[in-house]
Every structure is written in structure tokens, then in C-alpha cells.
Amino acid sequence: MKIKRAFTSVIAGFSIAVGCLAINNLSANAATTQNGVTNDQINQYVNNATLEQKVGQMYVSRTPQDPNQVKNDVSKYNLGGLIVYDADMKGLTQQQFKDKMKSFQDSAQTPLLVGVDQEGGLVSRLTHSGLVQQNGNQFAFPRKQYEEGGMKEVVDDAEKNATLLRSLGINWNYAPDADYSTKPGTFMWDRTFGQGYQQTADYLSKVVPAWQHDNLVASTLKHFPGYGDAADTHTGFAENSKSLAELEKKDMVPFKAGMKAGADSVMVTHVIYNKIDPEYPASLSPKINSLIRNNCNYNGVIVTDALEMGAITDFAKEHGNASVDVLAVKAGNDMIMTTDYATGINEIVSAVKAGEIPESQINASVTRILQLKNKLGLLKPENLMFRKPTNNNNTGTVINPGNTDHKNPSVISGNNSITISGVTYNKLHLLMVRYPILQQKVL
């Protein structure tokens, strides 16, 4: 199957500037709110960190199953965040899980964003793993909560779940889902609010502040610019043939409402919008990212959906095994959700040094990431000091941000591949969606 569709190239460029002009200069990460460090301290870190250290902050990875590897790699690669799944929680008490997350944070020079997919229903890591027991509709899909208890129940449960997540050591939720689907049985149907575009927008305007109450947890609007009735990108290519005008009128309305409500981050889907960009999946498309940044005036964190999904691996194969990590950064994403950071960091650093990506863009992304961490109360001044690598890559001498000696050593050594104990994306995913006990990876 060819990705590029030349006959739509004219349409792809048409009215791209229309965008989300109704949203005026919004910043989802509340950059003016400083809990632990100042903007000057963040800027000083960004100006003095090595390129490798900065690019490491742009990675959010599935958590390796070997805790020692996690601790080593978090320190060695200066990773920005981790994602936890069922496998990371199974067989643990809540206290054991909290201790596990704390040990990972203790290994990080710059505190980690720890993310989870806690949408509810079939995408409820807490209950499917057995870490938390089901409690009525508290962990149900929002559409079910709304049908049985109205908006009050939806908001109350979001607030309770945000408090619970933070108590467990999780500070970033990949929810709420801002998509709208018109066809029962499609991949995204159950996960949508199910009450129409404008009703979904109203829901987003209320549930985003609930998830983000007291700055305990960052929320995520997904999957921009609206998944609709597209096929499952976990297993292969998926397309959406709506025009930009139609997306603006319908699918993007909930996203605009969520941005206006102050959502901390936006996740970009892997669906190909062939009337906007017929060549690249949205997560790798500068045209899609421009809708978020330039047209919506959104200055929060943009994160890709997981780059290990079939839609992206198939794309890479058809494009000569191109580095999708580099393409994701070129598109304008701040954070890359993928596991092979050992390879990807080096590829991105090389692209910057070759002039393919401006270092100023890297700096802007890292600034947004650190501002979000600061908003969540994660940062202290000592977290923005630098640790000069030692031979074991675990400990080292702290270097003041004003000292440029840290620019000589590299935090990256070699180009080692990383083995992650997880689930590959294939057609078994369809069974996992239907049978939660099998579920390991649904984003």
C-alpha cells in the first residue's frame, strides 16, 4: 500500500491556516506557575545541558521489566519519562508499586514524568492489573459513568482517580479521550464520550480541570486531530478522509475545548489524514503539528502515540527504515513515546548536528517539558544541576549549570539496542480489546 497520494496534494495544502483561530494564545502547561524552580533556572539548564541530555528529556518509554535496567537507563540517558502498564503492576501491593516508582525517581537527576493509560473501561491499567479493585463505576468508561450518574459522576470520579494516581507515584494520565466516533463497533467507539461533538466538548471543558486538580496529575487530550471511525493503528495503516474544514467543524471541537480548559498535553494519532497530509501519519506530520501549535496557539506538551505501533513500523519499512524518531521531532513533537531511546537519542543528536533540526526547537521542547514537571511540583533546584558521568553511568560528580565542563563528556555511550519485555502490536490486539485479562498495550 502506498502512503503518498499525489492526487490529494493540492487539497492537503488548502486552507491549512484556518486552524483553531478561536483559541487565543493558550498555554496548557501553566508556564507562569512555578512551584519549585524559576523560569530563569529552567532556561539556565536548557542553555547549559548537553544536546544528549536535552534529547533524553524528550523520551517517554515503556518501563523495562528489569528494575536495574530502569535505574541505570534513567540515569544514563536522562530520560524524561516512563509509561507503566499492567505488567508493571501485576502481583504488587500498592505500597510495593509506590516503592518501585520511588526507586525509579531516585535514579533520575531530573524527576520523571510517569504516565499511564487510565481512561477507564477496557483501558484501565489500575484495575486490569489487579493493583486496585473495581469500585462501582469509578473506573468505567466516561460514557458509562455519564449514562448512569451524569456529569457529576464523571467529574467526581476523575478527581478521585487523579488523587489515587498521584498517591501511587503516577503523575501523567493519557486521558481524557477527546475523540468522537459515529459507528458502533469501530476501534474507538467505546472509548469516546458518545454524546455528540459539542457535548463531548462540554465534557472536556469539565473533566480536564477535574483530572488536573491541585496539579497532581497532567492530563492528555487524545488522539489529535480526532480518531473518528478509523481502523486500529496498533496493527497497521489507518486513514481518515475528512477535509480540514470538516475536522475543524466537528472532530477538533472537543480538542479546542480541552485546550481552552488548560489541558497539559496533547497526544497525536498515527492516522493518515489524506486530505491534509497524504504522505505522513499525523504523528510524523509537520502539517498536523502546525494545526496544534500555530493555529490553536497551544503551547503545552505535544507527545506522539507509541511509535512501536504497526502503522509506524509499516511506514518505516516503506520508507527505507527511516528514523521515525527523527521524523517525529521534525514534525514538531515535544516528547516521543517509544522504547528504543538508545538508538533514537543518537539519531536525533546527529540530525541536529547535521542542521536537519534546529537546536532551538529542542530547547523549546525541553523548556515545555520542564515547565510541566515544575507545575506538577516535581522540580527542585538541585534537579537542574548536572551529574558528570562516571564509568558505571549510575553516579557522578554534580556540576553547576553555570559550569560548561559538563559539555565535554557524553551521557550516551554506544548504540546498544534495548530489549523490552512487552507485547508486540499485531492482530492479537483485537482479542486484547475484547478480553481485558489479555490486555497489555492499548493507548
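Mentor: Two strands are said to pair if DSSP finds at least two bridges between them, and strands (E, at least two residues) and helices (H or I, at least four residues) are DSSP runs numbered from the N terminus. This is a predicted model, in which local features need pLDDT of at least 70 and side-chain atom pairs count only at pLDDT 80 or more, while totals for chains, interfaces and linings use all residues. Residues are numbered from 1 along each chain as its sequence is written, and side-chain values use heavy atoms, with hydrogens and water left out.

Trainee: Which strands stand at the edges of the open sheet of 5 strands?

Mentor: The order of this parallel sheet is S6-S3-S2-S1-S12. A strand at an edge has a single partner strand, so one side of it is left without a neighbour in the sheet. The strands in that position are S6 (172-173) and S12 (336-337).

Trainee: Which residue in S6 does Gly 115 stand opposite?

Mentor: Strand S3, residues 113-116, pairs with S6 in the parallel sense over 2 bridges. Within this pairing, Gly 115 stands opposite Trp 172.

Trainee: How far apart are the end C-alpha atoms of helix H9?

Mentor: The expected span of a helix is 1.5 Å times one less than its number of residues, and H9 (residues 197-211) has 15 residues, so it should span 21 Å. The computed distance between its end C-alpha atoms agrees with this, at 20 Å.

Trainee: Which helices do the buried residues of H9 pack against?

Mentor: The buried residues of H9 include Tyr 197, Leu 204 and Trp 211. Contact means heavy atoms within 4.5 Å, and besides strands S4 (118-120), S6 and S7, the buried residues of H9 pack against helices H8 (142-167) and H11 (252-260).

Note on methods. Buried means under 20% relative accessible area, exposed over 50%, partly exposed in between (1.4 Å probe, protein chains only).
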